[in-house]
Amino acid sequence: MQTEARVGVAVDGGVRKLVQPQKKQVGTVSQLLAGGVAGALSKTCTAPLARLTILFQIQGMHSNVATLRKASMWNEASRIIHEEGFRAFWKGNLVTIAHRLPYSSVNFYSYEHYKKLLKMVPGLKSHRDKASSDLCVHFVGGGLAGITASTSTYPLDLVRTRLAAQGNVIYYRGIWHALQTIVREEGVLGLYKGLGTTLLTVGPSIAISFSVYETLRSFWQSHRSDDSTVVVSLACGSLSGIASSTTTFPLDLVRRRKQLEGACGRARVYNMGLFGVFRQIIRTEGARGLYRGILPEYYKVVPGVGICFMTYETLKMLLADIGSA
């Protein structure tokens, strides 16, 4: 990605001329580093809320209706502290970081390159309405970037979900033990359980996130160009996170449950396809069951996505300045 310097004024023979801002190139390594650090920092800061979200999402798999009605964020948080200790909020965070560093790096890096490729498409390049053309580029580029990143790092995402879903009974003792156990009990394809649902979730989720973020940021900077980049990135990132989470949360809930199918030696719960899972959840838990855990997700996504975009933009500018020094 490129960052712009401020507009200046030069004097040539007594005539004041506007100097166009020069663009600073951000190298491949800088893009990967900025994206990876941004993702890891964001996930670490919001790990307690992320674990609460996962625990709520999977409650309907092995809980009865009476138990589900009593569920609340406060009760679940209290249970974790009482039974597992405060550090348990970060259970699975090591594998989250191990997943997020390559995931975010690939995500941001591929997004920048997909944007460049899409802008070279003849139909989009010659499109008269630049706003709608840019929105299409951000949406499609974001979706392709999300699919690329998810596919390349999926086994770590699955292990992270299983470690975070564990309670007092420890079945998986760590990242390597989890990978070995899954391969031994479920085969190599077990590492990709739920990948189809994940791609259906992540593609539109990242597409919405990037397109809303880029659109809001462009609108903001066109009206308030002097505002801090940090503030703009934090605000626009938070709003884009809310938009993407609200739209794709039911799919995310199903993907988490598919990832836990057969985990810890348990029998399969959903012996059907995606739409069959949706029907069973609605039948047993009601339509609200598809949004089980949405509250901690909102609490997580507002600071989480905001921190991610803010850190990425800040590191990108710092690395561009260092590279041009």
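**Cavities, a pocket and ring pairs**

The second largest cavity is lined by Lys43, Ala47, Ala50, Arg51, Ile54, Phe89, Lys91, Gly92, Asn93, Thr96, Arg160 and Ala164. Some ground rules. This is a predicted model, where local features need pLDDT of at least 70, side-chain atom pairs count only at pLDDT 80 or more, and totals for chains, interfaces and linings use all residues. Residues are numbered from 1 along each chain as its sequence is written, and side-chain values use heavy atoms, with hydrogens and water left out.

Now the terms. The search runs on a 1 Å grid over the protein atoms alone. A cavity is a set of points where a 1.4 Å probe fits but cannot get out. A pocket is an open set with protein on both sides within 12 Å along at least five of seven lines. Lining residues have an atom within 4 Å of a point. Volume is the space filled by probe spheres set on the points, with grid points joined across faces, edges and corners.

Back to that second largest cavity. Its volume is about 80 Å³. The helices α2, α6 and α8 each give two or more residues to its lining. Helices here are DSSP runs of H or I, at least four residues, numbered from the N terminus. The most comes from α2, with four residues.

The structure holds three cavities of 30 Å³ or more.

The serine 244 side chain reaches the backbone oxygen of glycine 241 at 3.1 Å. Beyond neighbours within four places in sequence, serine 244 is in contact (heavy atoms within 4.5 Å) with Ser205, Ile208 and Ser209.

Next, the second largest pocket. It holds about 610 Å³ of space. Its lining has 22 residues, with Leu55, Ile58, Ala165, Gly167 and Arg266 nearest its centre. The largest share, four residues, comes from α5.

Last, the rings. Rings of Phe, Tyr and Trp (its six-membered ring) pair if their centres lie within 6.5 Å; planes under 30 degrees apart are stacked, over 60 edge-to-face, the rest tilted. That rule gives eleven aromatic pairs. Tyrosine 171 and tyrosine 172 are edge-to-face, because their centres are 5.1 Å apart and their planes stand at 85°. Tyrosine 171 is partly exposed at 28%, and tyrosine 172 is buried at 2%. Tyrosine 213 and phenylalanine 309 are stacked, at 3.8 Å centre to centre and 10° between the planes. This pair links α10 to α13, 96 residues apart. Both tyrosine 213 and phenylalanine 309 are buried. Ring pairs also join Phe108, Tyr111, Phe210, Tyr213, Phe309 and Tyr312 into a cluster.

Conventions: A polar contact is a pair of N or O atoms within 3.5 Å; within protein, one must be able to donate a hydrogen and the other to accept it, and residues adjacent in sequence count only if both atoms are side-chain atoms. Buried means under 20% relative accessible area, exposed over 50%, partly exposed in between (1.4 Å probe, protein chains only).
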